[in-house]
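Me: I would like to understand the terms used for a structure, and to see how each value is set against its definition. Could we go through it step by step?

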Number of protein chains: 2
Amino acid sequence: MDETKILLSEKEIPQRWYNIQPDLPAPLAPPINPKTHKPIGPEDLAPIFPMELIKQEVSLEPWIEIPNEVMDMYRVWRPTPLRRARRLEKALGTPARIYYKDESVSPPGSHKPNTAVAQAYYNKVEGVKRLTTETGAGQWGSALSFATCLCGLECTIYMVRISYDQKPYRKLLMQSWNGKAIASPSDQTNSGRAILADYPDSPGSLGMAISEAVEDAATHDDAKYSLGSVLNHVLLHQTIVGLEVQEQLKLAGEKVDIICGCVGGGSNYAGLIFPFVKEKLAGRDLTLIATEPTACPTLTRGEFRYDFGDTAQLTPLLKMFTLGHRFVPPPIHAGGLRYHGAAPLICLLAAQKVIEPRAYHQNTVFDAALTFARSEGMLCAPETSHAIRAAIDEALKCKETGEEKCILIGYSGHGFFDLAAYEKYFGKELVDYEYPQEKIDEALQSVPVIEDAPE
Amino acid sequence: MDETKILLSEKEIPQRWYNIQPDLPAPLAPPINPKTHKPIGPEDLAPIFPMELIKQEVSLEPWIEIPNEVMDMYRVWRPTPLRRARRLEKALGTPARIYYKDESVSPPGSHKPNTAVAQAYYNKVEGVKRLTTETGAGQWGSALSFATCLCGLECTIYMVRISYDQKPYRKLLMQSWNGKAIASPSDQTNSGRAILADYPDSPGSLGMAISEAVEDAATHDDAKYSLGSVLNHVLLHQTIVGLEVQEQLKLAGEKVDIICGCVGGGSNYAGLIFPFVKEKLAGRDLTLIATEPTACPTLTRGEFRYDFGDTAQLTPLLKMFTLGHRFVPPPIHAGGLRYHGAAPLICLLAAQKVIEPRAYHQNTVFDAALTFARSEGMLCAPETSHAIRAAIDEALKCKETGEEKCILIGYSGHGFFDLAAYEKYFGKELVDYEYPQEKIDEALQSVPVIEDAPE
């Protein structure tokens, strides 16, 4: 076979999401109430999430049917191609076989709509008229705008003001899909007004934008809040990615040895690896590499403890690897990987040594992105370049050892909205941030000490 | 069948391009030498084009084999999907069935690489080390950079200075693929230096950039020039698009009634319709709509005469519909449709009434683009929006008459690099330009009068 792309037909799109919760190697610590330290219940989440998603959040069913209406939206861009990176293999001179699962083909350009269309659908069914969310650079805001547009819902996106002002293109993309982007902090919410009263020129932060989006949903009966990563139900929806890959590898007659993905909140990585984790836990030899930026080394240098998901301490406490919820990562260009924590499901797998975290500097991941663009012809997002870096390193090891390993990359998004970052790279202006241990220790001081946390 | 996309496998990519020249309804007037008024021969073109492309330019073979190496590059993104626009049909309430051939999935985001990879390949085989070309907004320059990068050639792109300064993203995309963009007029060529001597702050024009690119190729032994539209061999390479559509419509059990495409130089439109023109000339009932901007009404208001292809009068004379080679269209956002002439093959079909030209204003095509984005979820290039406008108009006619026609749209490219244009549209800043006849007559005065032109 000399095919470049392994394609499935629309009929072969998996009909169910895979829920890893019943198959975990250890129990998942529940989210807890920051005041009582008791596990939170559905009633705590009901003001901001629809009941079906709350059920999925705690479900122990191994498989969850994908509703027809969601399948219908998936068919706009799914199944996505699994591409064989023959040109990259040749450029590296490696005996390894490299594949990449291309989630950049969705209209918003990343894996994000896999959960956005599902969340929009369940909200619509429960009578919700409008979704609120926050966005940094705009990747998630555009995916949710796309999804709500297809479902006929309204969408309000609190966008970090500095991105709103400096990155107009993603904002316009949201507007094309009827999404309403509001610069945060804004005068639309109490929390926004309070910040503006003290700091009229505040550039905003993701923490502030979360506060505004949650408040907006909680104070309007017809609105709910939507989150693009971290939570179990978000990761669940993303498993469509890994399930497709399993079918595609079967068609290619391949058994994968190494999977490389990038982790910010963790949803893209979870979607890719969860169906394979099941095989690994059943005894299969498989290396699962989770990449992150050295500038935000959550999995490699954080501590596995209960912490808040947001800066403003509005969310329940989640057990995860964390650098502390007050940790402010430097302005690296992989905006989607600048998060102080990560999904509890991913963190559990890291704690259990099922996955191997690795951190990379900015310049080396852009080197990898360019090697990839100039061989494969595809320009990736800065987040995705971390996964490519790991894959290239593994392929070069194979060159030394002569091993013919099969390597899979999670190609989570394209870089068409990130060309300003490439410009800095070309201009040799990218800074490689590294922390001495005392800086990490200092950041970790914002993690609350919970004596009576559930095991 | 309720499939959203009609997909072919890689094995089903057509193995040959279709050459319309032996099937034309009337003889094609040859390009002529501006001084002698005699048809130009291969020796005139040899300094700037490789021999294989010169042969294709005049070939009367109905089918031309696609080399394996080109097929291999096509497989990076081909076959492209034929999508059924069910959501658009529903939004319009039309009984028509609407399909669109999605050429936006190529890495550079348009149909342009269909010819770029072929041209790069033939040049490489003949020992060329570097290609030169011009680009306006950067669509063609990025496609040729992509192609030369895959083939291991160098690429020099003379980019109109005002675009170079104002639109850095396409320039960076070229750089990602090793393409070297130079602001034109530049100090790299005699023609560029001459302009700069008189106008040091010249914003440049496509005419000037062509002069520089041609001079660069003609004065360097290892370099040739590459053109992205207008010429017969360029249109030939694009027929891969229409040939795939024919296979896909067969799979869908459809017979198309109306095809809508947009015409700038004409290569995208030609690629889509030429295989169908053959059927139409054989007696089949088929409406072929060629759309263009009212601001640059070449086919609807130009004259069918010999004219220069460029402002600087460097090219041979081509028989085409023209507004005069000195015509300067206003700065509409469909940059790819701002050309005073069009491909001679397309113009011949227009003169013979095989195709139906229609002109549209900016605001109405952006209306159509938004209707499309908000139903289908896909954000198109401003050029493509012209084709969508025509298709929506035809679908609305079907709504009135109850006819269940099958309508096909040439979806030539995405709009991710055109969000500044959408911003103007949202801000109601787009101007609809219309010309009184005396303005057109004035523009036509730059067309040379050729008494002894071949018939």
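What follows is a set of questions and answers about this predicted model.

Me: Why are Arg87(B) and Asp72(A) said to meet in a salt bridge?

Reply: The rule asks for a side-chain nitrogen of Lys or Arg within 4 Å of a carboxyl oxygen of Asp or Glu. Between the side chains of Arg87(B) and Asp72(A) the distance from N to O is 3.6 Å, so the pair meets the rule that the nitrogen be within 4 Å of the oxygen. Across the interface of chain B and chain A the rule finds six salt bridges, and it also finds 22 residue pairs in polar contact, with both residues at pLDDT 80 or more.

Me: How do you know that the two copies are related as by a two-fold rotation axis?

Reply: Chain B can be laid on chain A by a turn of 180° and a shift of 0.0 Å along the axis, with an RMSD of 0.0 Å. The two copies are therefore related as by a two-fold rotation axis. The same surface serves both copies, as 100% of the contact residues of chain B recur in chain A.

Me: Why is the aromatic pair of Phe49(A) and Tyr225(A) called tilted?

Reply: The structure holds 31 aromatic pairs over all chains. In the pair of Phe49(A) and Tyr225(A), the rings lie 6.0 Å centre to centre, with 45° between the planes. Ring centres must lie within 6.5 Å to pair, and planes under 30 degrees apart count as stacked and over 60 as edge-to-face, so a pair with 45° falls among the rest, which count as tilted. Phe49(A) lies in the loop between helix 1 (42-45) and helix 2 (51-58) of chain A and Tyr225(A) in strand 9 (residues 223-225) of chain A, so the pair ties together parts that are 176 residues apart in sequence.

Methods. Residues numbered from 1 in each chain as written. Chains lettered and ligands numbered in written order. Predicted model: local features only at pLDDT ≥ 70, side-chain atom pairs only at ≥ 80, totals over all residues. Heavy atoms only, no water. Polar contact = N/O pair within 3.5 Å; in protein donor to acceptor, adjacent residues only side chain to side chain. Least-squares fit on C-alpha atoms with pLDDT ≥ 70 in both. Contact = heavy atoms within 4.5 Å. Helix = DSSP H or I, 4+ residues; strand = E, 2+ residues; numbered from the N terminus.
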